[in-house]
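Hi everyone, thanks for coming. Let me put the sequence and structure up, and then we can walk through them together.

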Amino acid sequence: VSTQSTWGPLGQGIANAVGYAVSQKMAAGKYNTDAHTIFDNHIVCLCGDGCMQEGVAMEAVAYAGHNKLDNLILIYDDNEVTLDAMAKESQSEDAGKRFEAIGWTVSKVDGHNMSAILEVFNKAKVSTGKPQLIIARTLIGKGIPEVAGTQKAHGEGGHKFTDKSREALGLPKEKFYVSTGTRDYFAARAKTSTDKYNAWQETFNAWKKANPALAEELDKALRREIPADLSARVPEFPADAKIATRKAGSDVLQPIADAVPSLMTGSADLFGSTLNYIKSSKDFTVATPTGRNIRYGIREHGMCAIMNGIAYDGIFRPSGATFLVFADYCRASIRLAALSSLPTIYIFTHDSAGVGEDGPTHQPVETVSGLRVIPNLDVIRPGDPEETAGAFVAAVQRTNGPTLLALSRQAMPNISDVPVSVRREGVAKGAYILVHEKQPLKWIIMATGSELSIAVTAAKQLGEGARVVSFPSFFRFDQQPQAYKDEVLPSSCRARVSVEAGVDWAVGEVHWIRWQGCWH
């Protein structure tokens, strides 16, 4: 099966392929039995010089080598060309030695010799213990002497050379010509592939009959089915709880992981701080491929790109964690997840200036605003433990795009004057009335995250004409019916103020200004 997972940002495809390989290793460990093997395929990825130069690719291949993903085959089209110049102008390393040093098996082959390629490829498929790199030396633009072997073939080789090159290759003048031999080959190939698929389907059916519980679990995972009562499975927090939302998230994650077996998680060397370890499981390793916790190392961008590959494969629901400020390392992968409607979950903590001793380098004062502008990315910033429960449930229930949870390091009070159901269900709507006015409405205070409790305190000082609107997700509130928006933020009340820690122009002008009364 061929899959096009990305187009444009170089290096992402390599990292996606590593994600596919991780997913298939997990699936094989979880679902294969002694009697039936239903997952035993290889992940094959094609790449070029530009892909190999990208840092995200190197993060991912280092991870693959360390974890001995021997179901991964990377074919490197080594044509010594990048877009702007010959590759020698920007690289001089020995790619083969680099990959050998990080735990890969390396083979080299003439990329124009089909028989040699097939021989090396078949050898790679039966090799075990290491991922495989096949370096295929090719001549870019072969058959077009005007550009062959130069960077011009990367962008200039095209229509103006078509007729002459076809003549030189001995092809007929007919455009889109496919020879009889080629048609016959692929017809036979289709027959062979159909026979193999039918044989696999027999094994799969026998496996389902022998393992009904596993079969049901796999079916639900592939359909992205989430329990309707997921929120009810998360215990309520004590009324007097005062904890960081990262700690609340840790508590919430455990029952959700029990309810959704396909959910897995990972961290970029920060499990001890992000607190998103699934305690009922183990680390994903060569020895324990069923582990639901991935240690990505200090590879934030690689983590998020690998998560995309896991999500593309469609069996497991990937989540990953780091500090929110490091979202800038991950942004390209997050944006691709949003463009591709992948249901990835980002558990990003230390979401404001209150990050302790780390100081300005770790204070994401503009980061949340920058993430909210990515189309189709749902950024949820919960304001107390119960909103955190609602945020995790909403993230898992969303299956048509990514969700980012911005969680705090500092403790927040549980706003227990408001029913748990109101707070949890309110998150699903993006914004809701947290504190109702008791007299005619005079003021509306909108707030999110660690500033929510401040807004509640301020409303008490203003008096009984003040309303507090909790605003954990702009993305979700924007999708609500107009009648609901008007109910939460009636146009009759223009005295509105928003409270959120961050750079004022980024926080106010980009997002809050839409809902502040002076612009209605």
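When I say nonpolar core, I mean a set of buried Ala, Val, Leu, Ile, Met, Phe, Trp, Tyr and Cys residues joined through side-chain atoms within 4.5 Å; buried is under 20% relative accessible area, with a 1.4 Å probe and protein chains only. This is a predicted model, where local features need pLDDT of at least 70, side-chain atom pairs count only at pLDDT 80 or more, and totals for chains, interfaces and linings use all residues. Residues are numbered from 1 along each chain as its sequence is written, and side-chain values use heavy atoms, leaving out hydrogens and water.

So, which residues have the most contacts inside the largest nonpolar core? They are Leu74 and Leu404, in a core of 68 residues. Helix 1 (residues 12-31) gives the largest share, 10 residues. Helices are DSSP runs of H or I, at least four residues, and strands are runs of E, at least two, numbered from the N terminus. Beyond four places in sequence, Leu74 is in contact (heavy atoms within 4.5 Å) with residues including Ile14, Phe99 and Trp104. Another core, of 28 residues, lies apart and includes Ile380 and Leu407.

Six strands make an open, parallel sheet in the order 7-6-8-9-11-10, where pairing takes at least two DSSP bridges. Strand 7 (293-295) and strand 10 (378-380) are the edges, each pairing on one side only. Strand 10 pairs with strand 11 (residues 403-406) over three bridges, and there aspartate 378 stands opposite threonine 403. Thanks, folks!

Conventions. Buried means under 20% relative accessible area, exposed over 50%, partly exposed in between (1.4 Å probe, protein chains only).
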